[in-house]
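Open the model in your viewer and show it as a cartoon. The stops below say what to select next.

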Amino acid sequence: MTKFKYLAAPLALALAIGGAAVPASAQDHRQSNTYERNWHPTPAANAMIRRDINDLRQAVNRSERRGRLSQREWSRLRNEVRNIQSLYARYSRNGLTRNEVATLEMRINRARMMLQMERRDYDGRRS
């Protein structure tokens, strides 16, 4: 009987620990969405996104003034910056989620890459 006690106690402990771990690993999807809705970026992150959009807009205008972009390239990039600005305005009405911040950062970085490619495409414009 004493051998059974020594075997049963660790077994019961292992089952108790294992049983408690199952609900934590099988979280309800709605809980993660609630967390996502309640997450808000810091004011510094919000300001950084606004500053990045503003810097991008200025870089596009500066490149056009210097003659590095054709009218068509400038127009397309300017529209992309406007789309990013309107997306930011729409997202920020109810507070930004992590996914919205990631989307905005991705769109800003893609527009920057487009600007760099257009500046360096050697299509007869001054360099």
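This is a predicted model: local features need pLDDT of at least 70, side-chain atom pairs count only at pLDDT 80 or more; totals for chains, interfaces and linings use all residues.

Colour by secondary structure: you get 5 helices and 0 strands. Along the sequence the pattern reads α-α-α-α-α. Now colour by accessibility. Of the 127 residues, 25% count as buried.

Next, select residues 71-92, helix α4, and residues 98-119, helix α5. Their axes come within 11 Å and cross at roughly 170 degrees. An angle over 145 degrees counts as roughly antiparallel, so α4 is roughly antiparallel to α5.

Show side chains where the two helices meet. On the α4 side, pick Glu-73, Arg-76, Leu-77, Glu-80, Asn-83, Ile-84, Leu-87, Tyr-88 and Tyr-91. Their partners in α5 include Thr-103, Leu-104, Arg-107, Ile-108, Ala-111, Met-114 and Leu-115. By class, this contact has 10 nonpolar, 2 polar and 7 charged residues.

Zoom in on Glu-80, in helix α4. Is Glu-80 buried or exposed? Its relative accessibility is 13%. Buried means under 20%, so Glu-80 counts as buried. Which residues does Glu-80 touch, leaving out those up to four places away in sequence? Select Arg-107, Arg-110 and Ala-111.

Last stop: Trp-74. Arg-78 lies over the face of the Trp-74 ring, 4.3 Å from the ring centre. How many aromatic pairs are there to look for? The count comes to 0, with ring centres required to lie within 6.5 Å.

Technical notes. Residues are numbered from 1 along each chain as its sequence is written. Side-chain values use heavy atoms; hydrogens and water are left out. Rings of Phe, Tyr and Trp (its six-membered ring) pair if their centres lie within 6.5 Å; planes under 30 degrees apart count as stacked, over 60 as edge-to-face and the rest as tilted. A charge sits over a ring if NZ of Lys or CZ of Arg is within 6 Å of the ring centre and within 35 degrees of the ring normal. Axes are lines fitted to C-alpha atoms, for helices over the stretch in contact, and angles run from 0 to 180 degrees between N-to-C directions. Helices (H or I, at least four residues) and strands (E, at least two) are DSSP runs, numbered from the N terminus. Angles under 35 degrees count as roughly parallel, over 145 as roughly antiparallel, 65 to 115 as roughly perpendicular and the rest as oblique. Contact means heavy atoms within 4.5 Å. Ala, Val, Leu, Ile, Met, Phe, Trp, Tyr, Cys and Pro count as nonpolar, Asp, Glu, Lys and Arg as charged, and the others, Gly among them, as polar. Buried means under 20% relative accessible area, exposed over 50%, partly exposed in between (1.4 Å probe, protein chains only).
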